[in-house]
Amino acid sequence: MSQAVDEIKIGGLGASRKRVEDSRFIRGKGNYTDDITLPGMLHMEILRSPLAHARIKSIDASKAWDIPGVHLVLTGEMMATRNLAWMPTLSYDTQAVLATDKVRFQGQEVACVIADDPYIAKDACEAIDVDYEPLPVIVNPEQAMADGAPVIRDDKENQAGNVIYDWEVGDGAGTDAAFAAADVISKLRLHYPRSHPSPIECCGSIADFNRATEKLTVYMTTQAPHIIRAAVALVAELPEHMIRIISPDIGGGFGNKVPVYPGYVCSILASILLERPVKWIEDKSGNLISTGFARDVYLDGEMALRQDGKILAVRMHTDADHGAFFSDAQPSKFKIGLMHSAFAAYDIPVAHLTARGVYTNKAPGGVAYRCSFRVTEAMFFQERMMQAAADDLGMDQAAFRRMNFVRDEDFPHRTPFGFLTDSGQYAKCLDVGLKAVGYADFRKQQEEARARGRLLGLGISTMTEPLGAGNSREYDILGIKMFDSADLKVHMTGKAILRTGAKTQGQGHETTWAQIVAHELGIPAEDVVVEEGDTDTAPFGMGTYASRSTPVAGAAVAMVSRKIRAKARRLAAHLLEVSEEDIEWELGRFYVRSRTAG
Amino acid sequence: MYPSRFNYEAPRSLAEAIALLHDGGDYAKVLAGGQSLVPLMKLRFASPDLIVDINNVPGLDYHRADPDGTLRIGALCRHAELERSDLLKSTQPTMAAAAPLIADPIVRTRGTLVGSLCHADPQGDWASVVTALGGSVVAQGPAGRRTIPLAAFVTGPFENVLEPDEIAVEAVIPAAQGTRSGGYLKLERRVGDFATVGVAVAVETKGETVTRAGIGLTGVGGSTIAATEAAQALTGQPLTAESIGRAADLAAAAARPRTDHRGSADYKRHMVRTFVVRILSRGAVEERAA
Amino acid sequence: MTVVYEDHGDEAAGAEVPMRRIKFSINGQKKIAEVEPRLLLAHLIRRGLGLTGTHMGCDTTNCGACTVLVDGQPAKSCTMLAVQADGHEISTVEGLAGAAELHPLQEGFREEHGLQCGFCTPGMMMAAKALLDENPDPTEEDVRWALSGNLCRCTGYQNIVKSVLWAADKLRAEG
């Protein structure tokens, strides 16, 4: 071979590949969690609370135990004797696995039944008698903070009301002074409602504890198998090296499949007690009522403005409705998650952000849907405030933004909320957009249409979206820095196997990571098989969500490929009997540098 | 997702089916399309002891017009057949407009019109159509057959007057006295959702004069609403912008919508009015609503 | 096949489980099964027959991931009882491909990037097959209408429509 390999031909970067994973999915040969059957497997169903807030006076499961085919009925009381009725959350709170004293949201897990088949398990759930004493229900922050509101988390010592945290960032006094000197003050109140990621495939697990080997294997719909392994080790007090989490094919994640759900924990305990595999597959009703939701944040926003449109200061207050348990996630550096990134695109001299979190009688969550760490909320609130301010000033939306952008020469730029941006050409970016839509012409069209009674609209929104959580300087979960890993093995015949700590749920990693290897090594992409999701073989990673995989795991794939190439360079020098300095590389081959090259 | 246990019979004749219901005990249900019953059973909102599956009873899967124009729809006539029907397209504009809007295309291959009327879901589309057309349900039991006008057939949400050992075997649409026109418009957030608002209008004319009219409203009250006053305001005169407007106002007034996640009461009433005007202003042309 | 029950010693509370014997064909193969009447057809397919390509994604008959063909007509297998398959022909995604080749629908989904996570895909293809069997030359509107009972949370539907139209073109070209 005397030439470089054609990168497009081998499926490298820039090549259009048909997806590798499609092969099994179009044949109906995917391997989703509910497709898996293990010998001796039993089935688990969960009994959920019909009430949003109620004291549990008693649970009578005797009729459930009597149903033929029922192997085990688990209640909160039984979990409590094993110290498993509560589990820690990613935000240093605790969450009920099965309710003990009270139910705190409609749909909360109260008991579960393990039986020969899910039909019987469901029959048995229906036969469990729970005596509830209804309590007043709180469904929004206003109710949560009202005088005399019932305390939802009366299980926690030192929990006086329903406020979880009261945080602030920025300069309160400076902001107040700027507001006092403002020509115009623009105000806006918003609610970003709760939304559900709702992938078609619901959550589920198959826990398989092998008493003989003491090893726990759990098949699970999870976007982050290694995080789960650590969580299971902590919660179930099992040694981490004896836990294997296998995330097979996943039918959509969207952040829904990051949290640790009580169903997983119950299936694990059941398997340990029964010494048989236990499968739990959620139904859609259960998913919609209990799954890790996204958003549900209220804004009280104000902007202090100079007459000519210069923003003098920004004041934001957010109330986050966290549901009954605080199980959000945010990096330690940004207490209010990426709400800190609000207004990063604009040159705001001084600002103050206060954030409150409250408990309500709703399902816990907040981290889902682009696993956003609140960046979506930050951008929405920011741009709606910008729009309101431009309206209040009577100023053009584009002109208002342009005059307040961080200027090209002012980078790196640290915002009043502590967020750092290192480069940008925001005005140019806006220009490109406005030109593409023919902004000036559109405004004319809009006026003419309005005169004829027809309403046309044009909206502008600017966002600075931190992707790829993240740089480990600033991003961590529970102190674990948010890095990712790749592991590449090249076999004797030049085929390769690549494993990463990411976990695809439809993003196409099996196709695209191989393209990176092809780009770095010149091995045809089709000769690189990609595996993710088995913690016994995959290198440690933080999983796939928040658009993090390509910048983080993908970068690791490139780096590990380069390490292989560096190692291969030494071998090439040895085989070609020259020193390493005399080795050149072009895609797919090492060759000796010609000494006569002029 | 998992129904509770029940006994199951699949009779091969109507007589057998009726006998099974007669002997069946307290809680037996007939299964035809199953597209309403099975979902209820999966959520355990219905837990019958006995299911009598009539899908193997021959001679029920028809829809046809009698010589005098009376339309008869058998218990096993699927929504999809009505959607494809040339007979409906040429003689029953209101029904032809509604058929493609029932649920979704896959549900329509199994669900039945008669089953839909029996299910008596206050949000059901066919009930408004049959109301507007003045139709009836034919029930057959051990004592024989009886014809029950739809208004008397449904007694409340999910309740009808069938005896435990009676089966609804047919829906009947009376023959037209004049030329039929009309349509059905349905506002839904997405295909398969319940109607935010549905309006059925059925009109018969002789020459220019409206001789008969019926208006049925879906989703804007605790049950199907027969907007009788509105319909009467159309009869005995030609269809004019003025008479249409008056009927639309009366139909909106007859609506009793609730403000909910599908829209405000005002919005729904406004849509009732808009749909009545749209249907009548186009004459016999039916259209899919957005 | 062997079925094993727990022996509780005492007379088990409750009646005997009513079982029915049914005969049906699945992807052209004739089968006999003993099922409880309450068993959903989707569960007979997935667990009884081990054909896990038909998926379940909701409990309100909305999502269509469970779509199969019954006597050539699309049906949501989660909303049918297994006993109702008695005497009928069921087709699932596993029956689409021939001995050597993929069905043009399967090829179309691959060619036009009609899937991401793949969970809704079998249901989409079966509903599309029913469409193409009846209407070999659908418009885009026809395709959207025929698939309006199937939900996808990943793709945004554009490429699914393109995949079906690709398949329609290929099927027509093949004659």
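Helices here are DSSP runs of H or I with at least four residues, strands are runs of E with at least two, and both are numbered from the N terminus. Before using them: this is a predicted model, where local features need pLDDT of at least 70, side-chain atom pairs count only at pLDDT 80 or more, and totals for chains, interfaces and linings use all residues. Residues are numbered from 1 along each chain as its sequence is written, chains are lettered from A and ligands numbered from 1 in the order in which they are written, and side-chain values use heavy atoms, with hydrogens and water left out.

I start with helix α15 of chain A, residues 549-576. The expected span is 1.5 Å times one less than the number of residues. After α15(A) comes A:E577, with a positive phi near 60 degrees.

Which residues of α15(A) are buried? Among them are A:S549, A:V552, A:G554, A:V560 and A:A573; buried means under 20% relative accessible area, exposed over 50%, partly exposed in between, with a 1.4 Å probe and protein chains only. The buried residues of α15(A) pack against β23 (486-490), β24 (496-500), α14 (509-521), β26 (583-586) and β27 (589-592) of chain A. Contact means heavy atoms within 4.5 Å.

Next, the cores. A nonpolar core is a set of buried Ala, Val, Leu, Ile, Met, Phe, Trp, Tyr and Cys residues joined through side-chain atoms within 4.5 Å. The largest has 69 residues, and A:M303, A:V314, A:M316, A:F343 and A:F400 touch the most other members. Elements of chain A that each supply at least two residues of this core include β15 (293-305), β16 (311-321) and α11 (397-404). The most comes from α10(A), with 10 residues. Apart from this core lies another, of 51 residues, including B:L71, B:W126, B:A127 and B:V172.

Last, the two chains together. Chain A brings 9 residues to the contact and chain B brings 7 residues. About 690 Å² is buried between chain A and chain B, 57% of it from carbon and sulfur atoms; buried area is the accessible area (1.4 Å probe) that two parts lose on being put together, summed over both. A:Y119, A:K122 and A:D123 supply 50% of the area that chain A buries against chain B. How many salt bridges cross the interface of chain A and chain B? The rule, a side-chain nitrogen of Lys or Arg within 4 Å of a carboxyl oxygen of Asp or Glu, finds 2. A:D123 also forms a salt bridge with B:R44, at 2.7 Å, N to O.
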